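Here is a short briefing on one structure. Look at the sequence and the model first, then read the points below.

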Amino acid sequence: MFPRKTAIAYKTEEKTVLRGYNLSDLAEAGYSFCDAMFVLFQGRIPAEAEEKMLKYEMGEFMEHSMSPSAASAISVIAGRPHLPAAVAAAVMTFGSAHGPGAAHGYMMNQYLDRALAEGKTVEEIAKTLVDEYMDHNQPVMGMGQPQHRDGDPRAEPTHLKQEELEINGIYLRLQRSIENYFHARRKKEGRSYVPVNCVGAGNTALCDIGFAPNAAWCIGSVVRGYSCAAHAVYTLKKGRAWAASRNEPMVQMLDLSMIKYAGPEDRPVPKQEERQEYANKQKATGDYKKWVI
Amino acid sequence: MGDLNSKKIGNLDSPKLPYDYLTREVGTVPLDQNRPPFQWVSEVAYKNIHRIVARGYDTTELVEEGYGLVDILFVDFQARIPTIEEEQMLNYIMILSLEDGLSMPAALARIVAKSKTHLTQACGASILAFGHAYGGYAAFGNRLSQYLERARQEGKSLGEMATELVRAHHRDDALGVSDLMLKDPAAQRLLARAEKLGVTGEHVAFMREIVKAAQQLSTTAVDLDMLGATGAVMADLGFTPEATWTIIAVTRSFGAGAHFIEEVEREGFTRLGETLTSPEDYDGPPDRPVPPLAERQQHAVPAHAESLAQWKALFEERKKLPASGFALVEEIDDPRNPKKAH
């Protein structure tokens with residue numbers, strides 16, 4: 001249906017082959033789903049410690065209760081489309097703020113490249129990175145999470161797991177250095193403590209076990225699709241469609257009273273015969289501009 | 001500002017309207033003080049500043065204890081820790097679900113990729129490929145459960161009920177038996193693995209009967225396919241049809257992510273206007289002059305019908321124009337025999 005050269009997989013009437021391995025044989029041989037992720041994105045069977053690291057990460061990434069992704073799944077299913085629409089919406093919430101894994105990976109690769117080109121150590125380039133972001137009032141990727149103010153409960157344990165499994169490579173070294181310098185600079189500037197988040201910790205480990213930025217992002221965001229599916233199914237089966245029923249004991253998400261309006265005051269619709277004069281006056285005063293989005 | 005309620009606008013003073021449009025209240029509805037305010041209610045998970053908890057289990061403690069994604073799927077969807085064998089079985093199914101070559105989820109991800117989007121848009125789009133024909137696990141599983149329930153209620157054997165099911169649904173895309181895997185042993189191996197692990201139950205037993213019935217009733221070669229094998233085993237693992245549908249779709253989405261990456265690496269992007277469609281691929285109305293606007297009434301054919309016969313004739317005529325939608329008939333619930341409502 002879509003003619004393409006692909007180095008990922010082929011499928012015949014006899015078998016489905018992923019990067020050279022018959023998928024059925026892979027499952028029969030006792031490999032794990034996490035092993036298969038290495039085959040998919042890296043074309044290789046991972047070492048045991050690498051598989052353990054990915055198992056840990058996919059386990060911890062999967063459920064995060066109410067985040068933009070789960071909220072999207074719940075909102076979408078309120079309209080009762082087919083379930084995949086709600087799950088797709090959830091996965092699509094992952095962007096530059098919610099789980100920006102690819103960007104974090106690209107940032108690390110870029111600065112590691114610069115360290116090489118500029119003859120700097122990993123620790124020196126980490127300082128450069130933090131300074132360049134902070135000097136330009138840009139958030140340092142991988143730091144801070146609005147809900148887990150004292151530190152994402154998954155983040156530091158992920159660093160520790162990486163060290164325990166002895167797969168702490170150059171990415172963890174860079175990330176730790178970023179964190180150290182970031183904390184020191186904020187402290188010196190009298191600013192509050194902002195801990196590492198799950199992207200900073202999780203994506204670092206994914207990079208150290210060989211996943212490219214977008215592959216890591218795919219893993220981190222798509223795995224959340226499972227739990228968002230659970231939230232959508234729960235809402236489908238135990239929640240009210242439309243989320244606005246007045247017969248529910250609790251005020252619903254889309255109850256009319258949940259709407260707070262902060263736009264222009266209610267105003268009469270101009271008659272068509274007045275329209276041109278009215279429109280020109282609006283343009284001339286320019287008051288509308290404060291509402292332009 | 002003028003008076004909002006004094007002007008007549010269009011038909012808004014018609015007595016046919018259900019209430020007085022000219023004196024409608026303005027402003028938002030006050031907060032409802034009689035009921036507790038809105039909260040995100042969930043039986044699945046909660047989090048606070050220091051914890052993320054799924055079905056009562058702290059997720060950081062789960063992974064530190066060695067549980068992984070596959071275990072936590074049981075936790076999220078079934079609120080339980082699976083047995084080792086159940087975990088092994090779901091792991092096996094997920095490996096087989098990861099890739100399917102250049103099928104629809106991959107094609108969708110690649111098409112989205114060509115527009116230079118985020119990877120997550122492509123992964124989300126791939127999930128949308130799962131409907132009631134491709135990966136129709138909800139349709140498949142709900143039917144399996146309904147017929148099993150009927151077998152219990154009507155005192156029929158699985159074999160008898162399988163024959164009834166196949167007679168009624170032999171043309172369905174989500175039967176679970178087809179000619180798709182006559183040469184690929186993967187579906188059979190999946191069922192054999194489930195039996196070896198001791199995780200099969202009534203759904204797999206029923207599926208085996210459905211295969212037998214389909215083979216007896218079909219004039220061409222058919223056998224268990226991946227949908228049937230996966231759907232039946234997932235049901236015996238305790239997953240609802242809806243859970244199965246989404247778990248398999250999300251699993252395939254990882255593969256779609258790889259296709260997104262490869263598409264960008266090897267094929268590049270497509271700009272608006274770049275894709276041409278050859279006239280040879282067009283079989284709609286032949287090229288014709290646009291009538292002058294002043295003559296539109298001479299050319300325009302109003303759509304409304306005034307009698308049933310006229311309506312039917314127009315309807316049939318409209319079916320002849322592809323993509324008008326008149327030739328499509330989608331199934332909706334019969335109110336006299338509704339499906340289980342959610």
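In this predicted model, helices H6(B) and H11(B) cross with right-handed geometry. The points below start with this helix pair, then turn to the chain contact and the domains.

**The H6(B)–H11(B) pair**
- Helix H6 of chain B covers residues 137-154, and helix H11 of chain B covers residues 241-266.
- The two helices pack at an angle of about 155°, and their axes are 8 Å apart.
- Angles over 145 degrees count as roughly antiparallel, so H6(B) is roughly antiparallel to H11(B).
- On the H6(B) side, the meeting residues are B:Tyr137, B:Ala138, B:Phe140, B:Gly141 and B:Asn142.
- On the H11(B) side, they are B:Pro241, B:Glu242, B:Thr244, B:Trp245 and B:Ile248.
- By class, this contact has six nonpolar, three polar and one charged residues.

**The contact between chains A and B**
- Chain B gives 86 residues to the contact, and chain A gives 91 residues.
- Which helix supplies the largest share of the chain B side? Helix H11 of chain B does, with 16 residues.
- The chain B side that touches chain A holds 48 nonpolar, 21 polar and 17 charged residues.

**Domains of chain B**
- Domain 1 of chain B spans 43-82, and domain 2 of chain B spans 137-266.
- The C-alpha centres of these two domains lie 28 Å apart.

Conventions
Residues are numbered from 1 along each chain as its sequence is written. Chains are lettered from A and ligands numbered from 1 in the order in which they are written. This is a predicted model: local features need pLDDT of at least 70, side-chain atom pairs count only at pLDDT 80 or more; totals for chains, interfaces and linings use all residues. Two residues are in contact if their C-beta atoms, placed from the backbone, lie within 7 Å. Helices (H or I, at least four residues) and strands (E, at least two) are DSSP runs, numbered from the N terminus. Ala, Val, Leu, Ile, Met, Phe, Trp, Tyr, Cys and Pro count as nonpolar, Asp, Glu, Lys and Arg as charged, and the others, Gly among them, as polar. Axes are lines fitted to C-alpha atoms, for helices over the stretch in contact, and angles run from 0 to 180 degrees between N-to-C directions. Angles under 35 degrees count as roughly parallel, over 145 as roughly antiparallel, 65 to 115 as roughly perpendicular and the rest as oblique. A crossing is left-handed if the near helix is turned anticlockwise from the far one by less than a right angle, and right-handed if clockwise. Domain bounds come from an automatic or database domain assignment.
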